[in-house]
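Good morning, and thank you for coming.

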Amino acid sequence: MDVHNIDFNAQWLDDPRDVQRDACGVGFIAHLKGVASHTIVTDGLEILKRLDHRGGRAADGVTSDGAGIQMQIPKTFLFEAARGEGVHLPDTYALGMLFAQVTNPPIDAIREELVTSISSSLGSESNLFNANQKPVIHLKHPILLNSEMTALRQQKALSVKTLNLCFPLKLSLEEAMALLKSHAAEAVAASYEVLILSDKGLDADHAAIPALLACSAVHHELIQKGLRARASLVIESGEPREVHHFALLFAYGAAAVYPYLSLECIESPHSLKNPLVFDPWKRGKNYQKAVESGLLKIMSKMGISTLQSYRGAQIFEALGLKQTFVDAYFPWTPTRIEGVGLKDFEEDVRARHAAAFRVDGSPLLDDPGVYTWRKTGEKHLHEPDMIARLQKATRINSRGEFKLFCKALDEGQINLRSLLSFKTNLTPIPLEMVEPVTAIVKRFATGGMSFGSISKETHETVAIAMNRIGAKSNSGEGGEDAIRFQSLENGDSKRSAIKQVASARFGVTSHYLVNADELQIKMAQGAKPGEGGQLPGDKVDSEIARVRNSTPGITLISPPPHHDIYSIEDLAQLIFDLKHPNSKARVSVKLVSEVGVGTIAAGVAKAKADAILISGYEGGTGASPLSSIRHAGLPWELGLSETHRALVGNQLRGRVVLQADGQMRTPRDIAIATILGAEEWGIGTGALIVLGCVMMRKCHLNTCPVGIATQDPVLRERFAGQPEHLINYIFLLAEGLREIMAELGVRTVNELVGRVDLLEKKSFPTGSRRDGISVAALLTPSGTGAQYHLENQGQNVEASLDVMELLPASRRALDGKGNVVFNRTLKNTDRAVGTYLSSEISRRFGARGLTGHTIQLNFKGIGGQSFMAFGAQGLNVTVEGEVNDYCGKGLSGGKIALYPPSAAQGEIICGNVALYGATSGSLYVCGSAGERFAVRNSGAHAVVEGVGDHGCEYMTGGSVIVLGPIGRNFGAGMSGGLAFLYDKTRQSQKHINAEQEDVLPL
């Protein structure tokens, strides 16, 4: 907050001229004069009927997605009606409409900056429709600098009260909390409009209440007293220093934060070797900007665009906090793994206070090794000894060495599953009665590591190893050289069995899709959920650019997942689309472990996915930013057990394969994952370690010293990994799993799935914190019904228009006997028209498509969703009418021409997200198209008479000619290709996002 930016006479928290254009929301209808009228209800119902956006209809009976109406019901009538039905209502009650949790698309806070805001406000949040609203202070920056905090205390527009968080050591923390809440309520009741919670004044006789605990406690105390909207909370504390700290404070009610200790450290002349490089004020501003950028990133990962919406949202789950403690100080926060309470926090507060004021200690702070491994710091999964032991065991294929590695890791107490143990009062069976190892290894897969993020040698070695044993390797976000689809002379194959279809759509063509055993939709990634991938430009050499349809030397930016998925219905459409180019491949969906993922997974199963992957927060490469992975996501144990129970409870478990991944290293990890619900397992980082990775965390710098995560030809020569090393590891894991199964008396993997009765919590010293942790959430039985995959979903591809009519009509061209012309009418229920036919072209003629002859399809009417998705070369289509969303998605050489009936000139005839991820081909639209036109286009050419918002976003190649108006944010993140705009009204310039491209007149 700069003094010059204070608006003391502001009447609105947001500028009313800034009309938000969100896809959905909450609304109401009322008479302005408060007159009761039946017309209000009938008008509301009519409005509801006419809502025609995705999900904007009456609630769906399966997913509960949709819109509804809430109206006032007289209390007396409600109570009488309830009693008549035998329902007793409490005196205090609330009515609300619940929606099933579906997908909540993240936002790109950098390239879609126009919809984000980090501004905050201080003061009473009175009725916005009241002309006499009290003044508020607008904060352009919610992270306050020294001068801004001084200005806040000196201003006269709002009354400010400072509440000290420091308490005498003779008081207990509980007593101090009670006093703080009481003083806060009294201050607001006395008309103070800003409460500053400050821990300044700490000394040898006073300790400080933790800032987050104080913030949340006061926030909820004011809510319970009906006072919350009358005052704002400002945190003045020495605690917050990392982005996560600030994110928590805002999520639990803070309107602004003044991190005085961090600023003192940054502005100190001793903080830089050369203090003249930046003046202290500039350093503070840089810190402020960095923190606020990080806040935007966290908000956007959740699909929240403004800090005002994020504030108080509490989008966190507690791990290891007692339910009673959460109910008292963090109400409404889920806590499935119970543990410590207020007394434990008090012990920590007093211990830190004693350490800070010790007389004979060192003035230097210890390095706990939180972010990087330290010999005297906390224990890490990736320690030098662990890496060396695993590499030795897999290189010499020694079960003895591998058991030493497993013993050290399993006893390490570094993850949630470390709290569990197998029951011992069981009847073992002979090892030879257990499912053979050759069958078990087929259940393994490697993680999605893109070509480019790791070297060609590494990527192909992983594929060869997994193909030899009948397991699956994963291509990553897209792009695989077609030459790898052919077997080698010795019978090996470099082909990745799993082809990932992510938001990036790098190199996802019809030919790519038909050469897969599994097509995986990456909704999110475990290491950094809510973010897209990014491959630095210096790792994009000519070969990677060719395979991934991009430009050498240009950074590959992945959109946040997922630009063509805004609901379960949209996901179902993509699953449908992928079934058509490859009906024999199973379609899987990758989700991230989080509270509520079981509900999402149930929707995914209903959307007819064949497999679901639950990815834990531990996964990912060393290129993931520490701020992204340290506090994001949850252990796969929680997400997996919740998903398994939800699928069983909804009678859906038998329809899908359930897989889990996230730093699984030992047979014990695999066994626990199976017991919690997984019948398949993913190995990512572990696979790279056995091939030589030493966890230098230089993946993004292109300087990997062992030739794994680099494209430098000199460094790539150092790669020494062999397929045998990875094969040895997979077999060692499978053999170890067989031994555990024998001890548990279980014959097959399927029999082990969901058997939580075989697990119990480890015993720990009575009264210790580990003893107080509850793992009941993991050990809850899933109930009756199928516990593992039993039946296939199917998409009824055989009944599609392509199979029934287009394929038979195109035989002449497919057999090389001449051209084909086919005429037909279309209706909007004809989805993915041309996709199956294109796959047949790709199977017969490869990536080059049909070149000798052509297939000309002429339609009249309305094309349904995904018209000509992944359309192949040689397939030319015209439509007299219009097409729905996703036209030309992943276009792979096909040609599309759309024109309206003569009476409908100038209309919007092409839906949203056309040409998403297109790699080649052309689209001509005699009319306008919707939003997100040609997103991630990397080679297709298009002519259109107008587009909506976000046109040509993330485009890396091809060309687009727009002969009319464009929407906002045109060309955001565009790193290649050409866009030509006919700007008759000269209004285009204000809609272009020119961050990365040059805008030139013709």
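First, the basis of what I shall say. This is a predicted model, in which local features need pLDDT of at least 70 and side-chain atom pairs count only at pLDDT 80 or more, while totals for chains, interfaces and linings use all residues. Residues are numbered from 1 along each chain as its sequence is written, and side-chain values use heavy atoms, with hydrogens and water left out.

The chain has 29 helices and 32 strands; helices (H or I, at least four residues) and strands (E, at least two) are DSSP runs numbered from the N terminus. Of its 1002 residues, 55% count as buried, where buried means under 20% relative accessible area with a 1.4 Å probe, protein chains only, exposed means over 50%, and partly exposed lies in between. Among contacts with a separation of 6 or more, 64% join residues 24 or more positions apart; contact here means heavy atoms within 4.5 Å.

Now to the sheet. Four strands form an open sheet in the order β3-β5-β7-β8, with parallel pairing; two strands pair if DSSP finds at least two bridges between them. At the edges are β3 (160-164) and β8 (254-258), each of which pairs on one side only. From one strand to the next, the twist averages 25°; angles run from 0 to 180 degrees between N-to-C directions, and axes are lines fitted to C-alpha atoms, for helices over the stretch in contact.

Within this sheet, β7 (residues 232-236) pairs with β8 in the parallel sense over four bridges, and Ile235 stands opposite Val257 in β8. Helix α3 (residues 146-154) packs on the sheet and touches β3, β5 (194-198), β7 and β8, its direction making about 135° with that of β7. Which residues of α3 are buried? They are Glu148, Met149, Ala151 and Leu152. These four cover an arc of only 160° around the axis, which puts them on the same side of α3; the arc is that of the directions from the helix axis to the C-beta atoms.

Next, the helix pairs. Helices α4 (residues 173-189) and α5 (residues 211-224) pack at an angle of about 50°, their axes 9 Å apart. The two are therefore oblique to each other, given that angles under 35 degrees count as roughly parallel, over 145 as roughly antiparallel, 65 to 115 as roughly perpendicular and the rest as oblique. Among the residues of α4 that meet α5 are Leu173, Met177 and Leu180, and their counterparts in α5 include Leu213, Ala217 and Leu222.

The second pair is α7 (residues 260-267) and α8 (residues 280-301), whose axes come within 9 Å and cross at roughly 130°. That angle makes α7 oblique to α8. Here Ser262, Leu263, Ile266 and Glu267 in α7 meet Pro280, Arg283, Gly284 and Tyr287 in α8.

Finally, consider β30 (residues 938-944), a mostly covered strand with five of its seven residues buried. Three bridges join β28 (residues 920-925) to β30 in parallel, and Ser922 has His941 in β30 as its bridge partner. Five bridges join β30 to β31 (residues 956-962), again running parallel, and the bridge partner of Ser938 in β31 is Gly957.
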